[in-house]
Amino acid sequence: MPDIASGTGKRPVRRIILDAGIAAAVVAGMGVMRGVYSNELMLFNFIVFLTLAQGLNIIYGFTGYLPFGYVGFYGAGAYGFSLAVMHLHVPALVGMAAAGGAALVLAVILLPLLRLSGAYFAIASMAAAQAVYEIVANPDLESITKGPYGVSLSQVFAPAASYYAALAILAFALLLVVWLRNSRFGMSLQAIRDDPVSAAMAGVSVVRGRTIAWLLSALVAGLVGGVFAWHISVFYPDTAFDLSVSIFATVFLLFGGATTLSGPLLGVFILYGIYNAIGIAVPQYFQFTYGALIVALVLFLPNGLASLLTRRGIRVP
Amino acid sequence: MAEAARVVSAAGIETGYGRVQVLWGAGLDVKAKESVVLLGANGAGKTTLLKVIVGLMPAWKGSVRLGPDDVTGWRTDKRVRRGMAYMSEIGVFPGLSINENLRVGGQFIEKAALKRRMEELYGYFPDLAHRRGALAGSLSGGQRKMLGIAKALASSPTLLVMDEPSAGLSPLFVTQVIGVLSRFRESGLAMLIAEQNVAFLDLADRVFTLDGGRVRFEGSVAELQADDSLHRTYFGLA
Amino acid sequence: MSPEPLLKIEGLVKTFGGFRALDGVSLHLHPGEVLGLVGPNGSGKTTCINVISGLYAPDGGSVIYAGRSIGGEKSHRLAKSGINRTFQSPRPFLSLTVRENVELAAHYGDPKPGFDVDALLALLELDGYAGRPAAELNSAQQKTLDLARAMATEPRLLLVDELAAGLNPAELSRMAVRLRALAGSGMALLVVEHLMGFIDKVTDRVVVMAAGKEFFGGTLADATRDPEVIRVFLGGGHHG
Amino acid sequence: MLPAGKPVLTGAIIAGIVFGLYFTLVGLGLNLVFGVMRIVNLAHGDFLMLGGMAAWWLFTGFGLHPLVAALLVVVVFVAAGLPIYYLVVPRLLRSRDSEMLSLILFFGVSQMIEAVTTIGFGATERSLPPRLLGVGPFIVLGTRLPKAWIFSAAVSALAVLLVYLYLYRTRLGTLTRAVMVSRDEALATGIDVNFVSAVAFGISIALAGVAGVFAPFILGSITPNMGVALNITAFAVIVVGTLGNPLGTLLGGIIYGVSLMLMQTYLSSWANLLPNLLLIAVLLIRPEGLLGRTVRRA
């Protein structure tokens, strides 16, 4: 019975090795690039979106919830880092912990949103991100958040260290996705996404599964937000809560194909690559193109590039 | 010329949902003024076959003819204009009033004619006539079914296609529905009724049975009852 | 009477916005027994299964399973404590393979260590499809997979909702044999079904429901002779 | 812009009701589309913005009065709505989770509109002189309100009335409500569901366009990127007023308008939080809105 054996035996190990290999190659590649290519900020932005797309993959790809306000966690992370550094004068790495912590706290506060079905969840998460932005950017809170005037963190500015920290976070996000793709827990999340009632009858705790995915996804975005604050060191609330961060991550993920590891990576390399290659003198051209791309994807390729292969029965790493 | 003209016929229908095929070459026909019962268990494919016939589902293979026309690719609204009416298992718009349900059912009819038709139908269904402004959702199950029939008939069709008129009804109402339908049958309306309740065989000039997406039997009620295995399958508790 | 029943339901009530889908249902079931739940559409049979399997919390009455009250308990806990079910329209995990569907239930549903997923797939004749996505199965196979998913949690009580619908005669008799074999191994089965031939083959006794209440309990043969039951099913004795 | 004199509370409530009528118009079309198609047009706020841009362009370029602009916008937007509907919606509705996918798709449309408008008009704020809609204040129960507010509210009330008459007094309106009750049953009855929906879609964005024409007077100014915030506002209005029930929008609009005015009166620097918090709170506490319908997962 070769058919059964192939489903159980050595294949999973080979799958994990392939997935992990891809993850390692991307991380190593982005590390090497820093020594080769001079535009560090662009490379850093690549890392940011590679990581965010995978963070979004955790929640959308594996549970089917698409938070339009994903940028809220990113902004929370950026401000978690900044507030810790500004007011508590902690070193950058402790600031990073604060960034992750801030995103996790926000995610816990927003846990009730998971009770909403897809479309309402998406909009509610966007409203939540906007609400956090309105709070952070409120002039009344200038003494704490600097309000709309932005923060400056020159005391911890460290381009190299923050770059490698970002790389570590990318590695972390990739590992999470590799784990979800190859573990029973990840399988249980997909089962919940396919049919929560059936999943419960298989003994899976639906609430627990969704909660863990939500927190992990928020954690990744929070850490990215923190490392963004660290690397960039001067920014405004408009940048940290810019909705186009969510849009970009969503487009990259949908374009490549959710639930896969390579799909979101390809999405970032191809689309963000083109974005940078053509130049961003008139960002509206990209806004238009990405808008059109979203429309076309939903209508013609709702499961992304990867589905061109999976439709033919080929497993995409 | 011995045979009456066919009002509707479906032949070699294959279709399904996604990759799952439900019908495997099913077909049937209804002649003028004839009433036909399509008998089958839950999941046999009755609803699917009806949906193909009325144009709510595409046929992968096979054809549907309405009178002289090949209507296989036609949309439902076009078929309704040609004299076909369909009563789904739900059959009414619960959020619209009784009057509005009839008006929607008779949407293609000219205004004065619709008004006459509605009065005629209210004559058949005095229960509904008393409550014209009431929401269909406020009616009992039996009354809803009556409204469903009236709504389907509002367009003065030559053929009435019905999906499980007994669904969700208590036995008393099933008897009433059969009584009402037999009056329309006498008036010359052609009917195609998908059912699993054998009580509806009272209405049948001819019976088709559907099983596993294929027609297994075509003939009279007497012939059906004479067949031992079919009798066991469809005459429930016996 | 025989020892304590595995499942004992008393006065079970479930309402949906004023509509009493269950209006005081009582029934009991012993290990190794197959109870058929029959009745016209809308009589509350599936609602009954949905309450027992934790999909809905009851609004009144009690559900006692293995001596403890389980009304309102979450489905995944019930699955772990030995209650499982199939669905009227099968609900497999479409993006997972057939084997993963079963493996997941075997892992999370607390079966004994060493549970053999492949043996179960072979038993249910799904082994040829193990590596294929469940979305590629036809509806009869998806129903079988539903059953496999339920069996993988090694239930003591299995609720079977309209398994026969859409199966051809050959598949039907195979299913009937399978369910009898499960009962033979000591499992208790509650079978909701329209097809009386299937009920006849599979069940030991039946409970007849109408309008959210049970009104007859006994063998199928007795039920078919009961004038009240005939009235409910045939609406006044057509073609008795 | 605080109402002067008299008890501040009364003033805030009266201004809130006037504003509420306007916000009813903002949400009305969105709710109509949701009711008929069960999809969320997340570009609704951007169509509104386009209406405002049109009014600005027609006034500064051709000296056209906003009322004339509103009529033009209705014609052009209905005409544009039909092809947009046929291009994307039927295909969208065939997908497995059309409600969710509609959100993503129209998010894309929203981005396209915002980009095109920015390229065409620049990102600067545009406004129209309030005197266009009447000079001097209008006094309601001792509360002084700008005439432009009253004017906008009156147009909104008229639009709500027209939508009501369409839905309840015309044949196509009855068919539209039939589709709202059940799309499947409508198909089974032989209603040309696509045509009915396309008309509803056209009406919906025309309503957004008209709301846009008056946006400069109510919101102060318009910018190409205002769509996102307006989408949240419009969604908050219809969620409060009950999704899928166009006339329930009135209730949502008034509640929203009054709370906004109260916030601006007593807690003005936090007023921007209102639509976001209101939306989240209603979705979580009473997701079926004040009049019915459930949106939670099972």
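Biologist: Which residues of chain B are linked in a network of salt bridges?

Modeller: This is a predicted model, and every value discussed here is computed from it. The network consists of B:Arg6, B:Asp29, B:Lys31, B:Glu34, B:Arg206 and B:Glu218. Over all chains, the structure holds 33 salt bridges.

Biologist: Are B:Glu34 and B:Arg206 buried or exposed?

Modeller: Buried means under 20% relative accessible area. B:Glu34 has 9% relative accessibility and therefore counts as buried. B:Arg206 is also buried, with a relative accessible area of 9%.

Biologist: Which salt bridge involves B:Arg82?

Modeller: B:Arg82 pairs with B:Asp69, at 2.3 Å from N to O. B:Arg82 is in the loop between helix H2 (76-81) and strand S6 (84-87) of chain B, and B:Asp69 is in strand S5 (residues 69-70), so this bridge ties together parts that are 13 residues apart in sequence. B:Arg82 is partly exposed, with a relative accessible area of 45%, and B:Asp69 counts as partly exposed at 25%.

Biologist: What does C:Glu125 pair with in chain C?

Modeller: The side chain of C:Glu125 meets that of C:Arg178 in a salt bridge of 3.1 Å, N to O. The pair links distant parts of the chain, 53 residues apart: C:Glu125 is in the loop between helix H4 (117-123) and helix H5 (139-151), and C:Arg178 is in helix H6 (residues 169-184). C:Glu125 is partly exposed at 44% relative accessibility, whereas C:Arg178 counts as buried at 16%.

Biologist: What surrounds D:Arg126, a buried residue without a salt bridge?

Modeller: D:Arg126 sits in the loop between helix H4 (98-121) and strand S1 (137-140) of chain D. The nearest side chain of opposite charge, D:Glu125, is 9.6 Å away. A polar atom of the D:Arg126 side chain lies 2.3 Å from the backbone oxygen of D:Phe121, and a polar contact of 3.3 Å joins the side chains of D:Arg126 and D:Thr124. Leaving aside neighbours within four places in sequence, D:Arg126 is in contact with D:Met53, D:Trp56, D:Phe121, D:Ser221 and D:Ile222.

Biologist: Where does helix H3 of chain D bend?

Modeller: Helix H3 (residues 66-93) of chain D bends by about 40° at D:Tyr85. D:Tyr85 is one of the buried residues of this helix, which also include D:Phe77, D:Gly81 and D:Val88. What covers the buried residues includes helix H15 (283-300) of chain A, together with elements of chain D, among them helix H1 (8-37) and helix H2 (44-62).

Biologist: How can the length of a helix be checked, as for H14 of chain A?

Modeller: One compares the span expected from the residue count with the distance between the ends. At 1.5 Å a residue, the 17 residues of H14 (residues 262-278) should span 24 Å, and the end C-alpha atoms are 24 Å apart, which agrees. The buried residues of H14 in chain A include A:Leu265, A:Val268, A:Leu271 and A:Tyr272.

Biologist: Which chains share the most contacts?

Modeller: Chains A and D do, of the 5 pairs of chains in contact. By contrast, no contact joins chain A and chain B, whose closest C-alpha atoms lie 13 Å apart.

Definitions and conventions
Residues numbered from 1 in each chain as written. Chains lettered and ligands numbered in written order. Predicted model: local features only at pLDDT ≥ 70, side-chain atom pairs only at ≥ 80, totals over all residues. Heavy atoms only, no water. Helix = DSSP H or I, 4+ residues; strand = E, 2+ residues; numbered from the N terminus. Expected span 1.5 Å × (residues − 1). Buried < 20%, exposed > 50% of the residue type's maximum accessible area, 1.4 Å probe, protein only. Lys, Arg positive; Asp, Glu negative; His and termini not counted. Salt bridge = Lys/Arg side-chain N within 4 Å of Asp/Glu carboxyl O. Polar contact = N/O pair within 3.5 Å; in protein donor to acceptor, adjacent residues only side chain to side chain. Contact = heavy atoms within 4.5 Å. Bend = angle between axes of the 7 residues up to and from the residue.
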